[in-house]
Amino acid sequence: MKEGPIARLLLRLATVLVLAFLLAPMVAVVLLSFSPTELLALPPRGFSLRWYGEFLESSRWLLAMKNSFIVAGATTVVATVLGTMAALGLQLGRFRGKAVLVTILTLPMVTPYIVTAAAMFFAYSLVGLTGSLAGLVLAHTVVAVPFVVVSVLATLQTFDTTLLRAAASLGASPATAFLRVVVPNIWPGIAAGAIFAFATSLDEFVITLFMAGPGQFTLPRQMYASVREFLSPTILAAATMLFLCSLGFLLVSEAVRLRAERRGRA
C-alpha cells in the first residue's frame, strides 16, 4: 500500500515536532550560555563569552574536565577490549545458554543506574576500590561494555567465518588471523562501540557520585556540586561543551556507519 503525499507530509511534520521537542531544552541551554549577565533570560540580553572564560580560568572546572577525559579514555580502552572479545566468543562459540549470557552481558543497559551504583558501592567497598580511580574506571566499564558487545555483535552478523578457516589453512596463528582478518572486517562495529563507551563514561553521573573520591570528581559531578552550592551560568557553558562532545561522537559514529555501508555495497 503506497503512502499518499498527505501521509508523507504528516509523517515529516510529526518527525520535526518530535525532534524540536527533544532538542528545545538543549537549545535553550546553549543560548543561555552566551548570556552576559547572571540574571538569565531567554532570549539572552546580549552576547558574551564570559562564562566560557570563567570555565577555562577555573582550576576546579579544568580539573573536573581532565578527570572526565582520563576516566572516559581508560574506560573506552578496557570496555572496547572486553566487549570485542565477549562478542567474538558469543558469535563464534558453540555452547548452550548463549542467549542467557547475552542477556546477562547487556543487563547493565536496562538496569537503573541507581541500582547498579548502589550494588557497585557495596561490592567494591569490600575490596577497597571505592574512592579510587581504578574503581571508578571499572565501574564505568561495567555500563560501557554492553554498548561495545551489541555494536560488535551486529557487525559480526555479516562476517564470513570461512575466512578464519582459510587463514588457518594458510598457516596464520589465531592472533594473526584476528588482527589481519577479523579486525579489518569488523572495525566499524569496534569503532562505534568505542565511541558509545566513551560518551557513556563522559556523561555518567550516578555511578560517579557513589564511586568517586574527592580527587576523582568528573565534569557531571562538578556540575551537580555547582547546582547545590551556587547556581552560576558557568554550568551552562560546561553543559554546552558536554552537549557538543556528545554531538560530535554521534556524527563520528554516523560517519563510520555510512562508510561501512558504502564498503559493504562495494
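**Terms and their grounds**

Guide: In this predicted model, helix 1 has a kink of about 45° at L23, shortly before the proline P25.

Visitor: What span does helix 1 reach, and what is expected at 1.5 Å a residue?

Guide: Helix 1, residues 5-32, has 28 residues and reaches 39 Å from its first C-alpha to its last. The expected value is 40 Å, and the span is described as close to that. Within helix 1, M26, A28 and L32 are buried.

Visitor: Why are helix 2 and helix 3 called roughly perpendicular to each other?

Guide: The axes of helix 2 (residues 50-57) and helix 3 (residues 59-92) cross at roughly 75°. Angles of 65 to 115 degrees count as roughly perpendicular, and the two helices are therefore given that description. Their axes come within 5 Å.

Visitor: Which residues make the contact between helix 2 and helix 3?

Guide: Helix 2 contributes F55, L56 and E57, while helix 3 contributes S59, W61, L62 and M65. By class, five residues of this contact are nonpolar, one is polar and one is charged.

Visitor: What makes T218 count as buried?

Guide: The relative accessibility of T218 is 3%. Buried means under 20%, so T218 counts as buried. T218 lies in the loop between helix 9 (206-211) and helix 10 (219-229).

Visitor: Which residues is T218 in contact with, leaving aside its neighbours within four places in sequence?

Guide: With those neighbours left aside, T218 is in contact with A64, N67, S68, L136, E204 and T208.

Conventions:
Residues numbered from 1 in each chain as written. Predicted model: local features only at pLDDT ≥ 70, side-chain atom pairs only at ≥ 80, totals over all residues. Heavy atoms only, no water. Helix = DSSP H or I, 4+ residues; strand = E, 2+ residues; numbered from the N terminus. Expected span 1.5 Å × (residues − 1). Bend = angle between axes of the 7 residues up to and from the residue. Buried < 20%, exposed > 50% of the residue type's maximum accessible area, 1.4 Å probe, protein only. Axes fitted to C-alpha atoms, helices over the stretch in contact; angles between N-to-C directions. Parallel < 35°, antiparallel > 145°, perpendicular 65-115°, else oblique. Contact = heavy atoms within 4.5 Å. Nonpolar A, V, L, I, M, F, W, Y, C, P; charged D, E, K, R; others polar.
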